[in-house]
Each structure stands twice: as C-alpha cells, then as structure tokens.
Amino acid sequence: MRILVTGGAGFIGSNFVRYMLDSYANYSLINLDLLTYAGNLENLKGLANNSHHRFVQGDICDQETVETLMGSGLDAVINFAAESHVDRSILDASAFLRTNIAGTYTLLEAARKHKVARFVQISTDEVYGSLGPQGAFTEQTPLAPNSPYAASKTSADLLVRAFYHTYQFPAVITRCSNNYGPYQFPEKLIPLLISNALREKPLPIYGDGLYVRDWLFVEDHCAAIDKVLHHGKAGEIYNIGGNNEKTNLEIVNLVLDQLKKSAALIRHVQDRPGHDRRYAIDAAKIGSELNWQPRVQFSDGMRRTIDWYVKNQDWVEHIRSGEYMRYYEKMYDHRSQTLQEL
Ligand code: NAD
Ligand code: DAU
C-alpha cells in the first residue's frame, strides 16, 4: 500500500508511522506535516534514510500541495493533522478552525477527485461532550462538543460523514479516548506531570482533580487504526478506548510514586473553562467487528512512558527552549494568580 499520513510528525502520527514501517515491510508512507509547534522532526529520528518513508513539510490547507500528493497514486489517506490541545483552543480557536475544518475539507475534496479508495479520519471521543458518573460513549451517542477544539473536530467528523453520504466517498471515522506514551508533547497532562516532576516543579491539577479520562497506550491506538484501515467498513464510525478510567489525581499520584517524588509538588489551580467531567468509551463495536482489543496494561504503559521521558530528557529540553515556554507562562501564571480564589 502507498499511504498519505498527515500530521505524522506529531505524537500519535509519529508513533503510527513507526508502527506501520515495522509492521509492513513493503508499504510506502508519505508523511505530510506542517511542523507547527507540535510537530517535531526529532519524533522521526532514524527514518531519514528509510526508503519507505518520505517526509513532506506542508499544510493540509494548501490545495496545491494536497492535490499533488493525492495525484501521486495513493491507496489510502489517514488524517491525523490537527490542532489538538483544548487549552490552546480556549485561548484562540482560529488555527483550530483553519486546520481541523478547512484542512480536512481540502483533503476530502482532493482525495475524492483522485479517487483515493480509503480515507481514515482520526476524530476524537470529545465529539460526544461530557458524561455523568455512569455509562460510556457508544457510536450512537449524540454529538455535543464543549470546547472550541472539540467543536472543530466534530465539524471535520461531520464533513467526512457527509462526503460518504453524498458522494459514497469511502471514508471511515475513528473516535478514540485519551492517548499516552512516548513523544507526547509536554503540554498534555501525563508528559507535563512527568517532565515537571523530574525538575521538582509544581504539578498543576485543574479544579478538584476528579475529572475522569479513559487512557489508552498509543501503540494500542495504532493497532486499532491498522485494523480500521484494512478492515473497517466505509461510512462506519469506530470508537476506540482503553476501558481504563482514571481521575487526574490518580494519574498524578502514580507519576509521583514511580518517580519517588513528594505529593507536596501537587498544586490545585484554576479549572479549565467548560471542562468536561468524564469520558469513557464503549469499544464493543471495534472489538466484535474488527477483533481489536487494547493489550497494554495501564501500569506497564505508564512504566514504559515514564522510562521514555526519563531517558529522553533532551527531547523535552529542546521543546522547553522554544515557543512552548511562552505558552506555559501565559497559561499557568494566570492560573496560579487565581489559586487563592479556589
Ligand atoms: P499533535 O498535536 O501531537 O500532532 C498534530 C500534528 O499535526 C503535528 O505534527 C502538527 O505539526 C501537524 N499539523 C498541525 N496543523 C497542520 C496543518 N495545517 N497541516 C499539516 N500538519 C499540521 O496531536 P496528536 O495528539 O498526535 O493527535 C493526532 C490526531 O489524533 C488529532 O487529529 C487529534 O485530534 C486526534 N486524537 C488525539 C488524541 C490524544 O489523546 N492525543 C485522542 C483522540 C484523537
Ligand atoms: O479524549 C481525547 C482527547 O484527549 C484528544 O482529542 C485531545 O487531542 C487530547 O489533548 C486529550 O484532551 P484532554 O483535554 O482530555 O487532555 P489533556 O492532557 O489536556 O487533559 C487531560 C485531563 O487533565 C483533563 O481533565 C484536564 C486535566 N489537566 C490538564 C493539564 C494540561 C490538568 O489537570 N492539568 C493540566 O496542566
């Protein structure tokens, strides 16, 4: 197969590129990534001389680039490219609307024109909004996105759906829960906690810390996308999840335990506006139809993740020396000023 992977220099995309190159010796991957603040060529270290991987720096909103790649004889497109951080979307949603909605539309139109036979849209469980204490999201749960990020991903998800219904365009949608693992940008909860704890810096926990996410090791997500790519049915949606609900306080305590750091580092800071209380995925459909199950136990996955960050502190340091630190100050200085008000 010859596959266009977009956003393949980010967290999940780069893990997926490695997973596919390891799994299929005769596949060719074209990796289109704009290298925004979240894209990082260090995530693709070791692949520069791999003749089955070609990196193209470019924008999924750029019609000319996208048309050229789509016309190069592709079997499939997998769209990971996105602005992916909820907190950034609350500060300014414009890049989210551009990349997540207009970018997906550009890819869809070009893929349809060039009759690409398979399009996998990497959507998210955030399209469903927030759950109460019981139940889990199924593929039939009504869509109710709560953040600008989630609304932009829902718009893209619905565009993909509309292309299937209107043009019989052979698209499939995946909606996955929270991923964790190597190469995750340290603005996200788990890598942020690990990298701050390693430096004895405060660990910011929004509000009461009892928000729940359903965590999945990134390698399990890659295996699920592999199943959907090869066996998913056009027009279908597949939920993907770890069956592994944890509160944010459970996560921070696990990180502290493993790194043998003091709980005195924990800081309850001002909450995220519109913060979704709980996510949980019912992944029965992909289990029964495509024979996928999560394999990595949370304790193993966290041990592997923490070990990776301990061994790759240079990777984090390079990120911390760039734009990220300006974002961090903007996001967390404001939060700590209002700490007293909690
Ligand atoms: P990420 O932010 O780490 O990576 C996104 C990548 O997209 C970066 O490499 C960035 O440079 C690239 N990109 C951004 N704008 C682009 C543009 N206009 N053109 C080309 N490339 C562009 O994100 P991630 O966590 O790896 O998430 C990947 C996808 O998976 C996203 O679509 C996200 O919505 C979805 N998702 C993520 C999770 C999660 O827990 N991280 C869970 C479910 C779904
Ligand atoms: O559910 C899938 C989604 O998971 C993906 O679509 C998103 O791209 C991905 O970023 C992730 O979104 P979340 O908002 O759930 O992830 P984040 O790591 O930002 O936050 C996880 C939880 O931790 C959430 O309840 C907010 C909380 N949090 C986060 C940060 C960054 C804190 O308490 N402190 C923090 O500093």
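Mentor: A polar side-chain atom of Tyr332 lies 2.6 Å from an oxygen atom of ligand 2. This is a predicted model, in which local features need pLDDT of at least 70, side-chain atom pairs count only at pLDDT 80 or more, and totals for chains, interfaces and linings use all residues. Residues are numbered from 1 along each chain as its sequence is written, chains are lettered from A and ligands numbered from 1 in the order in which they are written, and side-chain values use heavy atoms, with hydrogens and water left out.

Trainee: What makes the pair formed by Tyr332 and ligand 2 a polar contact?

Mentor: A polar contact is a pair of N or O atoms within 3.5 Å; the Tyr332 pair, at 2.6 Å, therefore qualifies. Arg272 also places a polar side-chain atom 2.6 Å from an oxygen atom of ligand 2, and a polar backbone atom of Pro204 is 2.9 Å from a nitrogen atom of the ligand.

Trainee: How much of ligand 2 does the protein bury?

Mentor: Taken alone, ligand 2 exposes 690 Å² (Shrake-Rupley method, 1.4 Å probe), and the protein buries 94% of that.

Trainee: How do you know that the length of helix H10 agrees with its number of residues?

Mentor: The expected span is 1.5 Å times one less than the number of residues. The 14 residues of H10 (residues 298-311) should therefore span 20 Å, and the end C-alpha atoms are 20 Å apart, which agrees.

Trainee: Which residues of H10 are called buried?

Mentor: Phe298, Gly301, Met302, Thr305, Ile306, Trp308 and Tyr309 are buried, that is, under 20% relative accessible area (1.4 Å probe, protein chains only). They cover an arc of only 155° around the axis, so they lie on the same side of H10.

Technical notes
A polar contact is a pair of N or O atoms within 3.5 Å; within protein, one must be able to donate a hydrogen and the other to accept it, and residues adjacent in sequence count only if both atoms are side-chain atoms. Helices (H or I, at least four residues) and strands (E, at least two) are DSSP runs, numbered from the N terminus. Buried means under 20% relative accessible area, exposed over 50%, partly exposed in between (1.4 Å probe, protein chains only). The arc is that of the directions from the helix axis to the C-beta atoms.
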